[in-house]
Amino acid sequence: MSGNDHPRMRLNNELQRIYGPSAPNHVRWEVYSEGPPNASTWYATIFVDDQNYSYASAPTRGAAQDAAAQQACERLRRDGFAGSN
């Protein structure tokens, strides 16, 4: 998977394109896990301008973040903010 194909990198690039250098001020992640260490479920939520943009769960932290980032990219595209990459 190249860097441009990685969901979190793609989301960061889209937010940089939309907001420029102030992009970090417009996005917030909430990431946490529940369950025993050997069977945890990770949850990731992305807020853009304090609006819940996406939510995902997965067995690993990275997978939950990637899934949430992918959903956020798709929503940005549907809302007309993202490019057609």
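Is strand E2 (residues 41–48) largely enclosed by the rest of the structure, or largely exposed, and why? Select residues 41–48. Six of these eight residues are buried, so strand E2 is largely enclosed by the rest of the structure. Buried means under 20% relative accessible area, exposed over 50%, and partly exposed in between, with a 1.4 Å probe and protein chains only. Helices (H or I, at least four residues) and strands (E, at least two) are DSSP runs, numbered from the N terminus.

Before moving on, note what you are viewing. This is a predicted model, in which local features need pLDDT of at least 70, side-chain atom pairs count only at pLDDT 80 or more, and totals for chains, interfaces and linings use all residues. Residues are numbered from 1 along each chain as its sequence is written, and side-chain values use heavy atoms, with hydrogens and water left out.

**Stop 1: the strands**

E1 and E2 pair in the antiparallel sense, over eight bridges. Two strands pair if DSSP finds at least two bridges between them. Click Tyr-32, then find its bridge partner in E2, Tyr-43. Six residues lie between the strands of this hairpin, where Gly-35 has a positive phi near 105°.

Seven bridges join E3 to E2, and the two run antiparallel. Select Trp-42 and look for its bridge partner in E3, Ala-58. The hairpin of E2 and E3 has two residues between the strands, and Asp-49 takes a positive phi near 50° there.

**Stop 2: Ala-64**

Go to helix H2, residues 61–78, and pick Ala-64. Ala-64 counts as buried because its relative accessibility is 0%. Which residues does Ala-64 touch, not counting those up to four places away in sequence? They are Trp-42, Tyr-43, Ala-44, Ala-56, Ser-57 and Ala-58. Contact here means heavy atoms within 4.5 Å.

**Stop 3: helix H1**

Select residues 7–19. The buried residues of H1 are Pro-7, Arg-10, Leu-11, Glu-14 and Leu-15. They cover an arc of only 130° around the axis, so they sit on the same side of H1. The arc is that of the directions from the helix axis to the C-beta atoms. Show E1, E2 and H2 as well: they are among the elements covering these buried residues. End on Gly-20, which follows H1 and has a positive phi near 65°.
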